[in-house]
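This report describes one protein chain for a reader who is new to structural analysis. Please keep the sequence and the three-dimensional view at hand while reading.

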Amino acid sequence: MSHTAHIPSHRKPRRSASKMALRAGVAGGVLSTLAVAAAAGTANAAEPVTETIEMPTLTADLSTQIAQSAEATQQTADSYELRAEQEAAAVKAAKQAKADQAAAEKKAEAKAKAEAAAKKKAEEERASRAAERTTLSASADSGSGSGSSASADVAAPASGSVGTVISFLKAQLGDAYVMGASGPNAWDCSSLVQAAFKQAGVDLPRVSQDQSVSGTPVSLSNVQVGDILYWGGAGSAYHVGVYIGNGQYLDAANPSKGVVIQDLSGYPADGAVRVL
């Protein structure tokens, strides 16, 4: 063996011709491409460039924000709409309240006028009855007596007055007394009183107990023509008659007397009520 055989050679290995040819081909291709691109750029330098920009795809966060914004906008719109409806309802309610108040005031005014008219009419009627009682009492004083002879003392007055009651009662003088009877030719005490006041448009209860509490209580010292007299307690009376003036009353007394005029001094009443 040679004495230099163990020393490695420092020469570079030779590249094969095929590899060198490949590298030369690649380099040439790159240079060719650049040359073509440069030529194309020069050729097209004068032409306008049109670019198409593609919008970025919406992300999940952006979609959520848009949805939230739309929801907030809708809520605001709903709030405005609700407020508008509430304001419209308030305006309508105010108008209705004003109309109701006007109607109530008008009704109250009409009621006040009606009450005033009714009060005036009642006062006029009371004055008329008072004058009529005075006339009837004076007539009774001038023609005082008992029995049927007193029936001609008073002429029949207008309907609805105290005189109507007295006139009816005197027309029944001499009729029989029969317990439970109610006319036209026989009566008991309460049926006669009930029928007399019915002629004046007053509906009285049938029995003496109820008639004794049917009107305004008056003292016997202030009794007037047309007042109902009762014997017994108020609400438990056992007999009734009607005062006709001059200290006298007319009643369906009993089976032996029938319908008569009597003096209070001989059979004083326990109380009186006024219905006219």
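Which backbone oxygen lies 2.9 Å from a polar atom of the side chain of Q211? That oxygen belongs to P205. The pair is a polar contact (N or O atoms within 3.5 Å; within protein, one atom must be able to donate a hydrogen and the other to accept it, and residues adjacent in sequence count only if both atoms are side-chain atoms).

The model is predicted, so local features need pLDDT of at least 70 and side-chain atom pairs count only at pLDDT 80 or more, while totals for chains, interfaces and linings use all residues. Residues are numbered from 1 along each chain as its sequence is written, and side-chain values use heavy atoms, with hydrogens and water left out.

**The chain as a whole**

The chain has 5 helices and 8 strands. Helices (H or I, at least four residues) and strands (E, at least two) are DSSP runs, numbered from the N terminus. Their order along the sequence is α-α-α-β-β-α-α-β-β-β-β-β-β. Of the 276 residues, 27% count as buried, where buried means under 20% relative accessible area, exposed over 50%, and partly exposed in between (1.4 Å probe, protein chains only). Contact means heavy atoms within 4.5 Å. Among contacts between residues at least 6 apart in sequence, 55% join residues at least 24 apart.

**Helices α3 and α4**

Two packed helices are described by the angle between their axes and the distance between the axes. The axes of α3 (residues 162-171) and α4 (residues 189-198) come within 8 Å and cross at roughly 135 degrees. Such axes are lines fitted to C-alpha atoms, for helices over the stretch in contact, and the angles run from 0 to 180 degrees between N-to-C directions. The two helices are therefore oblique to each other; angles under 35 degrees count as roughly parallel, over 145 as roughly antiparallel, 65 to 115 as roughly perpendicular, and the rest as oblique.

On the α3 side, V165, F168 and L169 meet L192, A195, A196 and F197 of α4. By class, this contact has 7 nonpolar, no polar and no charged residues. Ala, Val, Leu, Ile, Met, Phe, Trp, Tyr, Cys and Pro count as nonpolar, Asp, Glu, Lys and Arg as charged, and the others, Gly among them, as polar.

Helix α3 is mostly covered, with 8 of its 10 residues buried; V162, G163 and T164 are among them. In α4, 8 of the 10 residues are buried, so this helix is largely enclosed by the rest of the structure. C189, S190 and S191 are among the buried residues of α4.

F168 lies in α3. F168 and A195 are 27 residues apart in sequence and 8.5 Å apart in space, C-alpha to C-alpha. Leaving aside neighbours within four places in sequence, F168 is in contact with W187, L192, A195, A196 and Q199.

The table lists relative accessible areas.

| Residue | Relative accessible area |
|---|---|
| Q211 | 0% |
| F168 | 17% |
| R274 | 19% |

Q211 lies in helix α5 (residues 208-211). Apart from neighbours within four places in sequence, the contacts of Q211 include S190, V193 and Q194, as well as V240 and V273. R274 has its place in strand β8 (residues 271-274), and the side chain of R274 reaches the backbone oxygen of N222 at 3.1 Å.
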